[in-house]
Amino acid sequence: MVDTKATLSIKGESDSAIDLDIRSGTVGPSVVDIAPLSKNGYFTFDPGFVATASCESKITYIDGDAGTLLHRGYPIEQLAEKSDYLEVCYLLLNGELPNREEKEAFDRTVRYHTMLNDNIADFYRGFRYDAHPMAMMCATVGAMSSFYHDSLDINDPESRQVATFRLISKMPTLAAMSYKHSIGQPSMYPRNELDYAENFLHMMFGNPCEETNVNPILADAMDKIFILHADHEQNASTSTVRLAGSSGANPFACIAAGIATLWGPSHGGANEAVLRMLGEIGDISNVEAAVKRAKDKDDAFRLMGFGHRVYKNFDPRAKVLKKSCDQVLGELGINDPLLDIARKLEEIALEDSYFIDKKLYPNVDFYSGIILQALGIPLSMFTVIFAIGRTVGWIAHWNEMLSEPYKIGRPRQLYTGHAIRDYRDIEQR
Ligand code: SDX
């Protein structure tokens, strides 16, 4: 829908003007359609895509100033409280909440596709014992394309749906296998009678020598963590998946690319970095010094779990997680000193003009690690947990892009290198 127009007037040797359409969405900022610029010899320049809408989407809406996060219009707070992860998967993928029959069918399909081709287990024997689980996830998810040839046709909606179920169903199995490899224990087969999060915890902490009884408090907290990480508009890893998908790459390769991007400490790797940071701070008495370092331009130290490209208010997921921290640790009778340090850090930072002026608030990663630690998840698995939750968001965006006419993503640049020059023989250099 074109709402109105803008005119870019260019002053110089020959004054010119370029008419640009302005399009508005359902809510949120309107966009200036800059297509005519390239026809007039101009590009826009927006490193980091701070003010660039890369696509049109109907999946997730974020209002950074209001601290709002909607999935297909439903507030994340309501989904976290009332829904479950597989229902949120259905919503993100299909656009509506399922009725009872649809939900049962979706859950059943996921439950009965959690096993992997057994040859994939051989991959883990090739990894060192101390390989980071995210390295193993990049490798094994990408390798899925070498096993599941009947779900690689990206132009066939049915093939895309098969790949969708395989990825959502098998990510927890691959993740648990990477953990078991790192501790030298045998992998656990998934159990079809268990719920999604319950099954994951069974595969993580069960062993073949005894029955596994997953604590429902832990399973519920795990499911909520998956919901809170399910999707987040055009973040770095989702944009990577869209870009990879725009070349026609197969779904497993695209999701592996998303996993690789998520791994960075500025993105999904932040949850692991937050726990390391809290551990280094070590005591409440050191919090002031840490905040001082975070404000020092000459110090690379940042408060991990703070700040966000979009949220200039509280990340609504952080609010839910902060509440869950108290609930889960209370129910488990855990008194984690890191939680006290985190609370003190938040309290001091949010009263400090540096953080107030720069609108830096706790993000999804600030409290998630404390809950994951309480669930017994090891630090090296934190970002893997994020990847499990985010797989459905990556797939929903990948599928949305492929369901409409699309072009390969190919940004341009502002070139500031040498103008053309002739080769010089070595004697002349
Ligand atoms: C996720 O995009 C998404 O939606 C991501 C995500 C998702 O669900 O997919 O929400 C998940 O990645 C959450 C973010 C996790 N990362 C961290 O917690 C790492 C710490 N945060 C920062 O690195 C930073 O805030 C980013 C990367 C999150 C955002 O970076 P921006 O938007 O590029 O902002 P910036 O780095 O330009 O910072 C703006 C200013 C700078 O100061 P000036 O140069 O303007 O003087 O704020 C400062 C920064 O130095 N700043 C911080 C800070 N974050 C920003 N200073 C101290 N501590 C911090 N954490």
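Reply: We begin with residue classes: Ala, Val, Leu, Ile, Met, Phe, Trp, Tyr, Cys and Pro count as nonpolar, Asp, Glu, Lys and Arg as charged, and the others, Gly among them, as polar. Here the shell around the ligand divides into nine nonpolar, eight polar and seven charged residues. This is a predicted model, in which local features need pLDDT of at least 70 and side-chain atom pairs pLDDT 80 or more, while totals for chains, interfaces and linings use all residues. Residues are numbered from 1 along each chain as its sequence is written, and side-chain values use heavy atoms, without hydrogens and water.

Me: Which residues are the closest to the ligand?

Reply: A residue is near a molecule if one of its heavy atoms lies within 4 Å of it. Of the 24 residues surrounding the ligand, the closest are His-232, Leu-303, Gly-305, His-308 and Arg-317.

Me: What lies 2.7 Å from an oxygen atom of the ligand in the case of Arg-317?

Reply: A polar side-chain atom of Arg-317 does; for Gly-305, a backbone N or O atom lies 2.7 Å from a ligand oxygen.

Me: Which residues of helix 13 are buried?

Reply: Buried means under 20% relative accessible area and exposed over 50% (1.4 Å probe, protein chains only); helices are DSSP runs of H or I, at least four residues. In helix 13 (residues 287-295), Val-287, Ala-290, Val-291 and Ala-294 are buried. They lie on the same side of helix 13 because they cover an arc of only 100° around the axis, taken from the directions from the helix axis to the C-beta atoms. On the other side, Glu-288 and Lys-292 are exposed.

Notes:
Helix = DSSP H or I, 4+ residues; strand = E, 2+ residues; numbered from the N terminus. Polar contact = N/O pair within 3.5 Å; in protein donor to acceptor, adjacent residues only side chain to side chain.
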